[in-house]
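Hello,

Here is the structure we spoke about handing over. Please open it first, then read my notes below.

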Amino acid sequence: MLTLGIETSCDETSVALVNKRKILAQATFSSVRFYRPYGGIIPEIASRKQFKFISLIFRKALKDSGCRSSDIKAVAVTQGPGLIGSLMVGVQFAQGISLALKIPLIGIDHLKAHLFAAFLNRKEKIFSPFIGLVASGGHTNIYLVYDFDKMELLGETLDDACGEALDKVGRFYGLDYPAAVYIDKLFSLKFVDRGMFKIKKRQDFNFSFSGIKTAAVYKKTQEQRQPSFQKIVLSSFQYAIVENLILLLQKATETFKIKNVVCGGGVLANRFLRRRLQQEAAKREWRVLIPPRELCSDNAAGVAGLGEYLGKKRGFNSGEIEPYSVSKRD
Ligand code: KG4
Ligand code: ZN
């Protein structure tokens, strides 16, 4: 079922066309370069850029797909969580398309779409149950997933999201926004001091990164500055975060006796995290599914794919779609 996906939850304007989980085209415009002077996203700039570019991005995706607008059978749009002004641009556009083409509409949860991206362009069935990890700039959530409309949130971050913690600490050490991307590039195991940042073991499935974030800030003022000081601190910081994510996945897979793991979100583009997941998969006989790096950050393909899947399973929305800014529980 040819489904149009629209994603505008944060700083991307992304439009995709997906049919039977296969991506026919995706066009994405990122406004990230406009935030470099500020070191973080400015919501008003994000929504203004989305408002300006969404029609253009839609036309580009349609042209690249080789389809006509009359071929589109449904439209799926990110409903939340995200920046409310940004979400409103995507939702209004999707409602307009739905009215103009007389096709059904479905609102999609951004975090579920990150996980669904792992199943795109693949022939294998959507398996379940699985342990789901979403690690991004706004969320660090771990789920027990029975299906995409039946997910139990096991744990979440109590403070910063892991992408956010990497971005903030990297910025403090002089890297451009989004700093996590540059930490990934400079990271090397040979710089890692395993004892530098210790995340306390927790009884539950929640995450907390603000303690090591503060420790990283103090390091800059306390320690002697050797030439490789920045690389040592940032590599050790990223190492601690990645190992913490792996630890909680181990705990969840053991507790629920589930060997299927599906991950998504911008932080999954991280090369060390991807390598560690593959190592754990081999060691613990996990079946791990991670989207290709380009489908880890915000993208409309996951939204379209999940819209097609859920629309077929339980029908489309009939009325209006109201965006939400904070996470919804199933
Ligand atoms: O999923 P996403 O694109 O947007 C949100 O929903 O938040 O995730 C963005 C986050 C940012 O914090 C960004 O710095 C981080 O993902 N990120 C990375 C990498 N690429 C993007 N973190 C670690 N390594 C990367 N290569
Ligand atoms: Zn995201």
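**Around ligand 1**

Helix α5 gives the most to the shell around ligand 1, with 3 residues. (Helices are DSSP runs of H or I with at least four residues, strands are runs of E with at least two, and both are numbered from the N terminus.) This is a predicted model, in which local features need pLDDT of at least 70, side-chain atom pairs count only at pLDDT 80 or more, and totals for chains, interfaces and linings use all residues. Residues are numbered from 1 along each chain as its sequence is written, chains are lettered from A and ligands numbered from 1 in the order in which they are written, and side-chain values use heavy atoms, without hydrogens and water.

In total, 19 residues surround ligand 1. To be near, a residue needs a heavy atom within 4 Å of the molecule. The closest are His114, Gly137, Asp167, Asp184 and Gly266. By class, the shell has 5 nonpolar, 10 polar and 4 charged residues. (Ala, Val, Leu, Ile, Met, Phe, Trp, Tyr, Cys and Pro count as nonpolar; Asp, Glu, Lys and Arg as charged; the others, Gly among them, as polar.)

- A polar side-chain atom of Asp167 is 2.7 Å from an oxygen atom of ligand 1.
- For Asp298, a polar backbone atom lies 3.1 Å from a ligand 1 oxygen.
- Gly138 has a backbone N or O atom 3.2 Å from an oxygen of ligand 1.

Taken alone, ligand 1 exposes 550 Å², and the protein buries 88% of that. (Areas come from the Shrake-Rupley method with a 1.4 Å probe.) The elements giving two or more residues to the shell are α3 (110-116), α4 (162-172) and α5 (179-186).

**The zinc ion**

Ligand 2 is a zinc ion, coordinated by His110 (NE2), His114 (NE2) and Asp298 (OD) at 2.0 to 2.2 Å. Donors are N, O and S atoms within 2.8 Å of the metal (3.2 Å for Na, K and Ca); water is not among the atoms, so sites may look incomplete. Along the chain, the donors follow the spacing H-x3-H-x183-D. His110 and His114 are separated by about one helical turn, because they are 4 residues apart in helix α3.

**Backbone points**

Gly80 and Pro81 are joined by a cis peptide bond, with omega about -5 degrees. Pro81 is in the loop between β4 (74-80) and α2 (84-101). The bond from Ser128 to Pro129 is also cis, with omega near 0 degrees.

Best wishes

Terms used:
Polar contact = N/O pair within 3.5 Å; in protein donor to acceptor, adjacent residues only side chain to side chain.
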